[in-house]
Amino acid sequence: MRVLKIGGSVITDKSKRRTPRPDAMARLALEMAGRAGELVLVHGAGSCGHDSAARYGISEGLSAGAETGLFVTHKEVARLCEMLCASLQDAGIPALPLHPLDLAVTADKRISSFNTLPVKACLERGVLPVLHGDVTFDTEQGAAILSGDQLVVHLALELRASDVGLGTEVDGVLGPDGGVIRNITPDMLPQLRSLLEGSAHVDVTGGMLGKVEELCRLARQGVSSTVFNASVDGNVRSFLENQPLGTHIHGDERHG
Ligand code: IPE
């Protein structure tokens, strides 16, 4: 079983507020055909959530009146999830939306409890569960934003995934020369922190560095991952067919 995240920048236009990309969703759905039962899909919010999350300051907690922000942000990303599920259904994939707001609680922005039973039930029944970055109730700060990246790592460990894919809008983790860094091991993290810059768009959950940090955490526990460009036709299919792609993040002991 594998966990695949499709970044919000792939399925929305991040330069325009609340703008899903139905064409990208339809393409991705076709590339995932036949994978239900062996895949957990997570997607990001892109322009359908990040702006509202930032406007209401949700990642810093629940200030007075911010309940409206929870509603607005959740609604935007939940709608995006429903659109993606509809595209998957159109491609013949039995997909079902599962919302982390209902399943997860965070403590200081990290998942402290998560009900994986609905995810497992989907897999057992040959259904593709579709989750997403979401707002959460947070025991320390009232509310928080749970990124799809953190969610992917949590699910991969809980469900003992064989590996993880992170489909973004870039070809992998890019070095200072703009070239793809083919292999990353957790011991490279300090040096990568100074190299990786933030995302060009509003991103309340940390950009590429946040992703690499999450994936190094996963690699330390023995689950490797691939960061690749899911905006390129055929790349999701290639990932699902185990073809080499993008940046491979793995434990210190493995190379390749
Ligand atoms: C963000 O999820 C969730 C919200 C802002 C509600 P992600 O952090 O996983 O989204 P992308 O992939 O960066 O757009």
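Predicted model: local features only at pLDDT ≥ 70, side-chain atom pairs only at ≥ 80, totals over all residues.
Residues are numbered from 1 along each chain as its sequence is written, and side-chain values use heavy atoms, with hydrogens and water left out.

Two packed helices are described by the angle between their axes and the distance between the axes. Helices (DSSP runs of H or I, at least four residues) and strands (runs of E, at least two) are numbered from the N terminus. Axes are lines fitted to C-alpha atoms, for helices over the stretch in contact, and angles run from 0 to 180 degrees between N-to-C directions.

Helix 2 (residues 22-31) packs with helix 4 (residues 67-90) at an angle of about 45°, and their axes are 8 Å apart. That angle makes helix 2 oblique to helix 4, given that angles under 35 degrees count as roughly parallel, over 145 as roughly antiparallel, 65 to 115 as roughly perpendicular and the rest as oblique.

Within helix 2, the residues A24, M25, R27, L28, A29 and E31 are buried, where buried means under 20% relative accessible area, exposed means over 50%, and partly exposed lies in between (1.4 Å probe, protein chains only). Strand 1 (2-6), helix 1 (8-11), helix 4 and helix 10 (235-240) are included in what covers the buried residues of helix 2. I93, which lies in the loop between helix 4 and strand 3 (95-97), is buried, with a relative accessibility of 2%. Leaving aside neighbours within four places in sequence, I93 is in contact with A29, M32, A33, A36, L88 and L128; the C-alpha atoms of I93 and A33 are separated by 6.1 Å, although these residues are 60 residues apart along the chain.

In soluble globular proteins, nonpolar side chains tend to be buried together. A nonpolar core is a set of buried Ala, Val, Leu, Ile, Met, Phe, Trp, Tyr and Cys residues joined through side-chain atoms within 4.5 Å. The largest such core in this model has 40 residues, and those with the most contacts inside it are F114, L131, L155, I184 and V212. Among the elements that each supply at least two residues of this core are strand 2 (39-43), strand 5 (110-114), helix 6 (117-124) and helix 7 (148-158). The largest share of this core, seven residues, comes from helix 9. Apart from this core lies another, of 26 residues, among them I6, L28, L80 and I93.

Helix 7 and helix 9 also pack with one another, at an angle of about 10° and with their axes 9 Å apart, and they are therefore roughly parallel to each other. Here D149, Q150, V153, A156 and L157 in helix 7 meet K211, E214, R217 and L218 in helix 9, and the residues of this contact divide into four nonpolar, one polar and four charged.

L166, found in strand 9, is buried, with a relative accessible area of 2%.

Most residues other than glycine have a negative phi. R18, in the loop between helix 1 and helix 2, has a positive phi of about 45° although it is not a glycine, and R18 is partly exposed at a relative accessible area of 45%. K109, in the loop between strand 4 (104-107) and strand 5, has a positive phi of about 75° and is likewise not a glycine.

Conventions. Contact = heavy atoms within 4.5 Å. Nonpolar A, V, L, I, M, F, W, Y, C, P; charged D, E, K, R; others polar.
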